[in-house]
Amino acid sequence: MNNAGIGKIQELIYDLSVGDVMKKDVISISPDISMYKLKEVLRKNRISGVPVVKNGCSVGIISIEDLINWLTKKSAGSSVKDWMTKNVVTVYEDEKLIQAISLFDQKGYGRLPVVERKEKKVVGIVTKGVIIESLLREIEIDYHEEEIRRYRMSHFFEDVTADSVTIGLIYQVKGGDVMNGGTVAGNIKKTLKRLDIKPDIYRRVAIAIYEAEMNLIFYTDGGEVSVYIKPESICVNVRDHGPGIPDVKDALRLGFSTAPNWVRELGFGAGIGLNNIQRCSDKMIINSTVGRGTILDITVNMDTL
Amino acid sequence: MKLEKIIKILDAEVCCGTVRNDWDIAMVGASDLMSDVLTFIQPDALLLTGLTNPQVVRTADVAEVKVICFIRGKKPTEETIKLAYDKEIVLFKTQFSMFKACGLLYRAGLADCLQK
């Protein structure tokens, strides 16, 4: 399984509650029935253990292992209450799945009755198998949703009837927000991928936007990134309200940088950024006025491979 | 070259992600400058770097790099690991210096990203 799959599972076990995954039509037995009857219940339902319930509440748990013990020893009584494990550990239906998984892991339990908080009545059961089944189901749903999204979006241009179609995406970038630097570029890349844009094209657009986005973060109070996707090209407009570039020619010189140390420590500010944007685009125009701001326009043609 | 072999050569430790056997790495890029990385790195190359902040993962993500190796035993930050999980990027670290790591991989037959 890939990293996203594992990440998704981790997310799910913290997000889902025991009640979301438990088996609801739980088979239970009364403590007073005989061990002979228990044997039949296990055999008929092809299960290896059942919760023992009295007046709806959990009073014990009995498994095939207890049945074997009874068959070999045949001592003491012959009702379920004589052989069951008392003081059963239960989980509440509103507890997170991680709680149940920890109990299975640390205590080695095979099954856990699930009870509701108010009257402590048994409402379901969880086993390792039930948890695995539900996680796989959730992941499958997620996978299908992404597939459908991709399919729908990749046919977007074909499905829309118009003389000309343009998809516009607008993002705001906060100045100084280093922690989120690159989020816009990452989101645009994801969207372009879903639109079935060629890898070489979306990669160039993403790199150019990434550099522009980092410039907004490092040198301005923030700005806006607009992306216009047409069947023949992708146009990107990045604008801010200052401080502006005194000499664009200077700024375009490889290695020219006004970056402070904190920017350099993050691995940027080496005077390569604007060149990178130029290299990735088919057309680049910078208009900058000191004190008023900078407007950067980039075009990447769809057919330039 | 299979990622497993690269990890063996660099005597590296996986920090996050699953080492997949179906991934073949042919090229390596090494730099601490993220803009530099964006200039030369090729999709699916291995990135060797001494920077461990989340920007390394963001840079790798936009450049379609799936594997990052930190040199001199540098540990990625928690935010970096979290982001790498999210972006499906494998992180590992080696105790070797950048020079030695590059040398070992070059000797093993891996190509430079700028090699035509």
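## Basis of the report

A residue is called buried when its relative accessible area is under 20%, exposed when it is over 50%, and partly exposed in between (1.4 Å probe, protein chains only). This is a predicted model, in which local features need pLDDT of at least 70 and side-chain atom pairs count only at pLDDT 80 or more, while totals for chains, interfaces and linings use all residues. Residues are numbered from 1 along each chain as its sequence is written, chains are lettered from A and ligands numbered from 1 in the order in which they are written, and side-chain values use heavy atoms, with hydrogens and water left out.

## Thr49 of chain B

Thr49(B) counts as buried because its relative accessibility is 0%. The residue belongs to strand S3 (residues 46-49) of chain B; helices (H or I, at least four residues) and strands (E, at least two) are DSSP runs, numbered from the N terminus.

A polar atom of the Thr49(B) side chain lies 2.9 Å from the backbone oxygen of Ser31(B). Leaving aside residues up to four places away in sequence, Thr49(B) has contacts that include Asp32(B), Val56(B), Phe70(B) and Met98(B), where contact means heavy atoms within 4.5 Å.

## Interface of chains A and B

Interface size is often expressed as the accessible area lost when the parts come together. Chain A and chain B bury about 2400 Å² between them, 51% of it on carbon and sulfur atoms; this buried area is the accessible area (1.4 Å probe) lost on being put together, summed over both parts. The contact involves 32 residues from chain A and 28 residues from chain B.

There are 3 salt bridges between chain A and chain B, each a side-chain nitrogen of Lys or Arg within 4 Å of a carboxyl oxygen of Asp or Glu. Lys193(A) forms a salt bridge with Glu64(B), with 3.9 Å between the closest N and O atoms. On the side of chain A that touches chain B, helices H1 (3-15), H9 (183-194), H10 (199-219) and H13 (273-280) of chain A each supply at least two residues. H10(A) gives the most, with 7 residues.

## Positive phi values

Arg46(A) is not a glycine, yet has a positive phi of about 50°. Arg46(A) sits in the loop between helix H3 (35-45) and strand S1 (49-54) of chain A, and is exposed, with a relative accessible area of 77%.

In chain B, Asp11(B) also is a residue other than glycine with a positive phi, near 50°. Asp11(B) lies in the loop between helix H1 (3-9) and strand S1 (13-16) of chain B and is exposed at a relative accessible area of 60%.

Methods
A polar contact is a pair of N or O atoms within 3.5 Å; within protein, one must be able to donate a hydrogen and the other to accept it, and residues adjacent in sequence count only if both atoms are side-chain atoms. Buried area is the accessible area (1.4 Å probe) that two parts lose on being put together, summed over both.
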